[in-house]
Amino acid sequence: MARDPEPGGAFVFDLVDDGAADPASPLALPAAAAGGEPDGEQPDVDGAVPGEPPAGSGRMLRGVAPVAAVLAIVLGTGLGMDGVRDAARSERMREVHGGVVDVSGPLTETWAWEGDVGSRTAVEEGLGVEVAVLGDVLAFESGGELVALSAATGAEAWAVPLGADPDCGPTGSAGWGQVTTSALVCLAGPDTDRVVTVVGPDGAVSEPRVLDPADIRRFGEPRPGPDGTVVRAERTGRAPTSGLGDGRCTELGECTGTVRAGRDLTVRAEDAVTGEERWHVTVPFRPTPADQCANWYGTSWDGSGTAVDLNSMLDPGGFGARITDRLVQLYGCGVEAVITSDGVPLGTEIEPGTGSVESFRNGGYTSYTYSEEVRTVLYDSAGTVVGEIDGYAAEPGAVDGSGPDTLLGVGEPGARVTAYEPDGTPRWDAEVTTDAQSFLAQVAGTAVILTGGGTVRALDLASGEEQWAWRSTDADEYGADLYVSRSFTDGQFVLLVVENGYGSAGLVSLDVVSGEVVWEQHGEEAVLDGSGQIGGSGLLAIDGNLLEVMPDGVRGLG
């Protein structure tokens, strides 16, 4: 029975024992569940023994929940159903890229962890703070250990001792590179006695395997690879004796001309636990501009023991790599190429120094070239070409988990943006006031993009029709220097990290339906620290939680 509330109050319901209740009604409960006593020797529901949970009780209680939600709607407010929807949306945000449980209000610090984050060498060399996301934890090197923090509380979930001279990967620069991985491969110990282990999301460590020093001579120096592998690479084939071309580099690193001859590069991936070879690929040498042959690669693979020093800085044997959970991105003199974690080479048609290959979150890949007329090739998860589009193929920086996978062609000639299926099939083409620069978010049937002059626009995902536009009040002051570097969403609002050419950053939350500003923080009021980062871009969303990663610590924001 419902009792009328006080003014501004809530309805109050009295629960009464109605012996005349219809047992067939979905609201009728067994006597024991309703608070009564069992009737003599009669069994409970489904013949269960008295005093034990009745069989199917979980199904019964789940069946009551929808009825309660319906009652809430019938009796007035509908808040029960709103709560169910909000709970479902929040859980979905934990699973999607850039998803945060709630960005409806200004952010504050919820927890803080202090200590070194990532390799000190990487930070000192300006490579950013190297971290990895494993499941719902943030993992990084710190003080000779691999430390994992709970994204929700900041508590140390686990820590693994690493040994001397550790090297764990794949990792990425927080806020800038690919940081999610299924496992971390860690190398440690002296050069002649390196040991490899694999660390999983729960901190479980594989049995250490000592690397055979002879394998360094046979296959090259080891590095942590994708998908639980150790990756090695070395120059192979006969060294050229002439015909190196007219490439030259000065002591200041100024390079001109072309290096026309060099050795191929063979890359080998071995299972980190067993040492068995999974695949090997030989990348042939191709003529390369001399600025791709300068001896500046800051990795364990840089340089070569038989470098031909034409003018102190030129090294035709030099190469390096950027390794993510799905790609080995090779760069260097004559060998710019990408190999997937399955050993499939991609982008071999791209001239060295003129393009790149990246992975998509939907499992595919894209390769593009740097030129006035940009064209992008799309691959499926097996590395097979499925399409080609104009401009750069951009995927959303944040999603709410609804709607079809969408790519946008940005950077096309003229102020236009085109939506594509993942295989390159055009969906629609729309004209925008200024050129499209990035795909910020795909939320609630809307594509949120950044266009020239720091303007954010929302386009209908089905038609391309503009829904709203927003421009920061700071845009008039900073003009073209104002841009959005990161984006997150809770499924209702889009959180933008707005930066300017002077390195300062602010936060703006927009209603994805109307484009109205829900809240914003700028200048000294902004919660971002950004120490060691460009602006405040060292932000990560992990399991629905927003984290700021810095060289000297990690903070939770909420």
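Modeller: Two strands count as paired if DSSP finds at least two bridges between them. Helices (H or I, at least four residues) and strands (E, at least two) are DSSP runs, numbered from the N terminus. Bear in mind that this is a predicted model: local features need pLDDT of at least 70, side-chain atom pairs count only at pLDDT 80 or more, and totals for chains, interfaces and linings use all residues. Residues are numbered from 1 along each chain as its sequence is written, and side-chain values use heavy atoms, with hydrogens and water left out.

Colleague: Okay, what order do the four strands of the open sheet have?

Modeller: The pairing there is antiparallel. Reading across this open sheet, you get 29-30-31-32.

Colleague: Which residue in strand 31 stands opposite Leu 407?

Modeller: Strand 30 (residues 407–410) and strand 31 (residues 416–420) run antiparallel and are joined by three bridges. Facing Leu 407 across that pair is Tyr 420.

Colleague: On to cysteines: how many disulfides does the count come to?

Modeller: A disulfide is a covalent bond between the sulfur atoms of two cysteines. The rule used here asks for a pair of cysteine sulfur atoms within 2.5 Å. By that rule the count is two.

Colleague: How many residues apart in sequence are the parts that Cys 168 and Cys 186 tie together?

Modeller: Their sulfur atoms sit 2.1 Å apart. The S-S torsion is about 115°, so this disulfide is right-handed. Cys 168 lies in strand 8 (residues 167–169) and Cys 186 in strand 10 (residues 184–188), so the separation bridged is 18 residues.

Colleague: Are Cys 293 and Cys 333 buried or exposed?

Modeller: Those two form a disulfide with sulfur atoms 2.0 Å apart, right-handed with 75° about the S-S bond. Buried means under 20% relative accessible area, exposed over 50%, partly exposed in between (1.4 Å probe, protein chains only). Both cysteines are buried.

Colleague: How many salt bridges does a search of the whole structure find?

Modeller: The test is a side-chain nitrogen of Lys or Arg within 4 Å of a carboxyl oxygen of Asp or Glu. The search with that test gives 21.

Colleague: How many residues apart in sequence are the parts tied together by Asp 543 and Arg 94?

Modeller: The closest N and O atoms of this salt bridge are 3.9 Å apart. Asp 543 lies in the loop between strand 41 (539–542) and strand 42 (545–550), and Arg 94 in the loop between helix 2 (79–93) and strand 3 (109–114), so the pair spans 449 residues.

Colleague: What about Glu 270 and Arg 209, buried or exposed?

Modeller: They form a salt bridge too, with closest N and O atoms 3.0 Å apart. Glu 270 is in strand 18 (residues 264–271) and Arg 209 in strand 12 (residues 209–210), so parts 61 residues apart in sequence are tied together. Both residues are buried.
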